[in-house]
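Colleague: Could we go through this structure together? I would like to start with the charged residues.

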Amino acid sequence: MPMFSRRTFLQGSAALGGAFALGAGVAARAVASPDPQILAAQFADVRIAADGVTPKIMTYGLDDAPHGGMPPVLRMRKGEAYAARLVNHLDEPTTVHWHGLRIANAMDGVPEITQPYVYPGDTFDYVFTPPDAGTFWYHPHCNTLTQIGRGLAGVVVVENPEDPVFDAEIVLNLRDWRLGAGGKFIDPFKPRDAARGGTYGTVRTTNWQRQPTIEGPAGGLVRVRIAATDVTRIYTLALEGAAAKVIALDGNPVEDPFPLDRIDIGPGQRVDLAVRMPESEGQGATLGNFRGSQPWAIATFRAAGTSLKRDLRDIAPLPANPIAEADLSTAKRIPIDLTATAEHKATASICGSLGYTFWAINKVPWPGDTPDPIAPIEELKLGRSYVLQISNRTPHAHPIHLHGLSFRILTSNKRSFLLPPTDTILLLPDEQAEVALVADNLGDWVIHCHIIEHQKTGMTGYFKVV
């Protein structure tokens with residue numbers, strides 16, 4: 001029997017990503033592997049707080065070179081093969097999850113579910129073809145509260161040559177940091193907060209800066225891509241000083257773009273705006289968070305140059321992504337109850353445990369990243385339609401994210417506006433919603449709350465598509 005090193009196994013498992021099933025009845029097909037982009041998980045010392053440099057922030061760098069800032073925006077093209085080689089320069093295992101991308105299960109980045117851990121000094125090759133255009137993001141699925149909380153969260157832009165042309169693009173990565181005096185890291189969570197809405201950061205940033213000013217062409221149309229990569233914070237976004245339309249949510253185009261008033265996005269969610277910049281040089285428009293009693297500025301967009309005299313009506317809707325519509329006449333209904341749990345002891349995990357269990361899905365708390373996970377919530381048949389009847393039976397909001405599949409919100413007792421197809425639903429306290437999907441991607445697909453303390457203390461499960 002041939003012997004395999006861990007590295008050989010990792011490279012071999014990556015080759016499985018060259019094939020995927022997308023759409024019932026479509027045979028898996030090989031993907032030509034391009035030269036991989038080197039994506040190095042590494043440490044850096046970065047000034048985030050005003051009163052000192054934060055040591056050992058975690059970030060990603062390209063080409064295996066030392067990097068001292070925010071993870072790069074990774075750009076891909078819809079329908080074209082992409083490859084990245086993760087090189088782990090950290091002192092603990094890690095992975096990369098490609099949040100919102102409907103790719104092969106072997107490329108999904110969940111240890112013990114879809115791939116082995118990538119240990120310090122080791123590598124893993126990710127190879128896939130993004131079927132959808134839009135705004136997505138990438139982050140680890142190992143020791144997530146620490147690794148995301150310390151910086152491992154970058155934005156993915158999947159371009160579509162058929163998209164309308166803008167005069168400029170601005171990408172915003174929104175996240176908090178848990179920093180104390182001198183910019184030093186403090187405890188990533190408080191147990192009493194983890195059992196409620198989550199533990200907030202102490203320093204709020206946009207692109208790793210506090211309230212940055214970003215230039216755009218005066219009178220021009222700018223595509224603003226916003227990703228909420230924070231581990232806890234829910235945002236209520238609004239723009240003052242300029243007109244804007246919402247053109248996409250969670251990577252999927254809005255069929256009829258609508259004026260931005262205020263819109264809520266939770267951890268893991270994204271929103272794309274078409275912003276008409278102020279008319280005159282030096283004028284500014286401020287994107288703010290209006291959640292809570294003390295609104296604050298996220299970023300200011302400053303007009304530069306002579307006005308381009310553009311009009312928001314110049315922008316056509318974005319082309320739709322190829323997402324299958326569920327057949328509601330044959331769909332099987334599956335109840336999903338989000339609850340608290342009385343259990344308080346978590347299972348030890350190589351990928352990190354918070355030491356508590358506060359939350360559950362269908363009364364079953366996730367035990368941790370173990371070689372023998374609990375049974376799936378449901379076994380789904382490839383190509384069949386399903387309706388998830390999700391009930392949030394708690395007094396707290398939960399952004400529920402589903403890997404590898406997209407769903408459409410059908411009904412809700414708390415909202416009148418229903419999103420386009422999405423991978424995340426921000427369930428409000430006591431909200432009951434029905435979401436429909438087609439099980440068109442083989443494998444084990446994790447579903448979890450993207451308030452990471454909730455995820456790591458029990459509110460996680462998975463579906464098996466066979």
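This is a predicted model: local features need pLDDT of at least 70, side-chain atom pairs count only at pLDDT 80 or more; totals for chains, interfaces and linings use all residues.

Colleague: How far apart are the closest N and O atoms of Arg 233 and Asp 176?

Modeller: They are 2.9 Å apart, and the two residues form a salt bridge. This pair links distant parts of the chain, 57 residues apart. Arg 233 lies in the loop between strand E12 (221-228) and strand E13 (235-240), while Asp 176 belongs to strand E9 (residues 168-177).

Colleague: Which residue does Arg 302 meet in a salt bridge?

Modeller: Its partner is Glu 215, with an N to O distance of 2.7 Å.

Colleague: Is Arg 302 buried or partly exposed?

Modeller: Arg 302 counts as partly exposed, because its relative accessibility is 27%.

Colleague: And what about Lys 381?

Modeller: Lys 381 forms a salt bridge with Glu 379, and the closest N and O atoms are 3.3 Å apart. Lys 381 is partly exposed, with a relative accessible area of 39%. Glu 379 also counts as partly exposed, at 41%.

Colleague: Which residues do salt bridges with shared partners join into one network?

Modeller: The network consists of Arg 75, Glu 159, Asp 163, Glu 169, Arg 223, Arg 225 and Asp 272. The total count for the structure is 28 salt bridges.

Colleague: Which side chain of opposite charge is nearest to Glu 92?

Modeller: It is Arg 150, at 7.5 Å. Glu 92 is buried yet has no salt bridge. A salt bridge requires the nitrogen and oxygen to be within 4 Å, which is why Arg 150 does not qualify as a partner.

Colleague: Where does Glu 92 lie, then, and which side chains does a polar contact join to Glu 92?

Modeller: Glu 92 lies in the loop between strand E4 (82-88) and strand E5 (97-99). Its side chain has a polar contact of 2.7 Å with that of Asn 143 and another of 2.8 Å with that of Gln 147. Leaving aside neighbours within four places in sequence, the residues in contact with Glu 92 are Met 58, Val 118, Pro 120, Asn 143 and Gln 147.

Colleague: Let us change topic. How many aromatic pairs are there in the whole structure?

Modeller: The search finds 12 aromatic pairs. One of them is formed by Trp 98 and Tyr 126, in an edge-to-face arrangement with 5.7 Å centre to centre and 75° between the planes. Trp 98 is in strand E5 and Tyr 126 is in strand E6 (residues 123-128), so the pair links distant parts of the chain, 28 residues apart.

Colleague: Which residues do ring pairs link into a cluster?

Modeller: The cluster contains Tyr 60, Tyr 82, Trp 98, Phe 124, Tyr 126, Phe 128 and Tyr 138.

Colleague: Finally, how many helices and strands does the protein have?

Modeller: The secondary structure comes to 4 helices and 29 strands. Of the 466 residues in the protein, 60% are buried.

Definitions and conventions
Residues are numbered from 1 along each chain as its sequence is written. Side-chain values use heavy atoms; hydrogens and water are left out. Helices (H or I, at least four residues) and strands (E, at least two) are DSSP runs, numbered from the N terminus. Buried means under 20% relative accessible area, exposed over 50%, partly exposed in between (1.4 Å probe, protein chains only). Lys and Arg count as positive and Asp and Glu as negative; His and the chain ends are not counted. A polar contact is a pair of N or O atoms within 3.5 Å; within protein, one must be able to donate a hydrogen and the other to accept it, and residues adjacent in sequence count only if both atoms are side-chain atoms. Contact means heavy atoms within 4.5 Å. Rings of Phe, Tyr and Trp (its six-membered ring) pair if their centres lie within 6.5 Å; planes under 30 degrees apart count as stacked, over 60 as edge-to-face and the rest as tilted.
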